[in-house]
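User: Hey, can you walk me through this model? I'd like to go one residue or element at a time.

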Amino acid sequence: MLKLRQIHLVKAAGWMFISFLFLWNIKVFAEPYKCSNEDVTVYTERQSEIAFACSAIDKTYTFLRTAGLIKHVSIDLHIVSELPKHNRSELCLGHYKKTEKGVYILSYNTCRCRIIENGFWDLNFSRDLYNSFIVHEIAHAIAGAHFEVESHSIAAEEYIPYTTQIALMPEGLRQELLTKITNEGFKNEEEITSLFHDLSPSVFAVKAYRHFRRKENGSNFYQKILKGKCKLNGEE
Ligand SMILES: [Zn+2]
């Protein structure tokens, strides 16, 4: 990605050329914006997205801090029109790159187009739904910094982001989702498998949320996952 340092080099060129390139750079390579409450830098072409993103980010940090994920986590959030290539990129709306602590999420308009075409959890696209995607990916980054075991399954990786996402949805949207997907919660950790997630992420998400809501689970279960104390089926 072209960084600010390179934009300065562009400014050294002639004025006509500058104005063309400068506008081009503003459109394609947005300047970073630091959210006021958390150590998250947002990169987006559309300034109007920043307040929504920072609000979703604040809620995610607060929720997970309350659940015991208290480490300082610094994140770069990139709102992009195309995700960086990885093994499931064509199916994804967002992606967390653990190696660079970077979260990539498709822009509001790109997500809207994809969801109109392919659907998502049988819900209509809305700002609240889009914000929940940001919550999900930020939760990946925060949880990722708290894992105390090197290797963990997809099911272990996805449990915290999905339950955080649904917990932080506005009541109306959450109820709509829970009314559409009526499957009961996972009964025990043996049922929470990566295969289940891969076959039906939406049902996995709702079953995980209903499992999480039981008082014996909640943040205790987060800690079990993070400390590697529960071997979700599918874990090597
Ligand atoms: Zn995920």
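**Leu-77 and beyond**

Analyst: Let's start with Leu-77, which is found in strand β3; strands are DSSP E runs of at least two residues, helices are H or I runs of at least four, and both are numbered from the N terminus. Bear in mind that this is a predicted model, where local features need pLDDT of at least 70, side-chain atom pairs count only at pLDDT 80 or more, and totals for chains, interfaces and linings use all residues. Residues are numbered from 1 along each chain as its sequence is written.

User: Is Leu-77 buried or exposed?

Analyst: Leu-77 is buried, because 29 other C-beta atoms lie within 10 Å. The cut-offs are 20 or more other C-beta atoms within 10 Å for buried, 12 or fewer for exposed, and partly exposed in between, with C-beta atoms placed from the backbone.

User: What is Leu-77 in contact with, leaving aside its neighbours within four places in sequence?

Analyst: Val-40, Val-42, Tyr-43, Ala-53, Val-103 and Ile-105. Contact means C-beta atoms, placed from the backbone, within 7 Å.

User: And how far apart are Leu-77 and Tyr-96?

Analyst: They are 9.1 Å apart in space, C-alpha to C-alpha, and 19 residues apart in sequence.

User: Zooming out, how many helices and strands does the protein chain have?

Analyst: There are 10 helices and 5 strands. The protein chain has 236 residues, and 34% of them count as buried.

User: Which residues have the most contacts inside the largest nonpolar core?

Analyst: Ile-57, Ile-138 and Ala-208, in a core of 53 residues. A nonpolar core here is a set of buried Ala, Val, Leu, Ile, Met, Phe, Trp, Tyr and Cys residues joined through C-beta atoms within 7 Å. Elements giving two or more residues to this core include β3, α3 and α9, and the largest share, 10 residues, comes from α5.

User: OK, α5 then. How does it pack with α6?

Analyst: Helix α5 (residues 127–144) and helix α6 (residues 154–167) pack at about 140°, with axes 8 Å apart. Axes are lines fitted to C-alpha atoms over the stretch in contact, and angles run from 0 to 180 degrees between N-to-C directions.

User: Which residues make the contact?

Analyst: On the α5 side, Ser-132, Val-135, His-136, Ala-139, His-140 and Ala-143; on the α6 side, Ile-160, Pro-161, Tyr-162, Thr-164 and Gln-165. They divide into 6 nonpolar, 5 polar and no charged.

User: How many residues of α6 are buried?

Analyst: 12 of its 14, so α6 is mostly covered. What covers the buried residues includes α3, α5, α7, α8, α9 and α10.

User: What about phi at Asp-122?

Analyst: Asp-122 has a positive phi too, about 60°, and is not a glycine. Its place is in the loop between α4 and α5. Asp-122 is exposed, with 10 other C-beta atoms within 10 Å.

Notes: Contact = placed C-beta atoms within 7 Å. Nonpolar A, V, L, I, M, F, W, Y, C, P; charged D, E, K, R; others polar.
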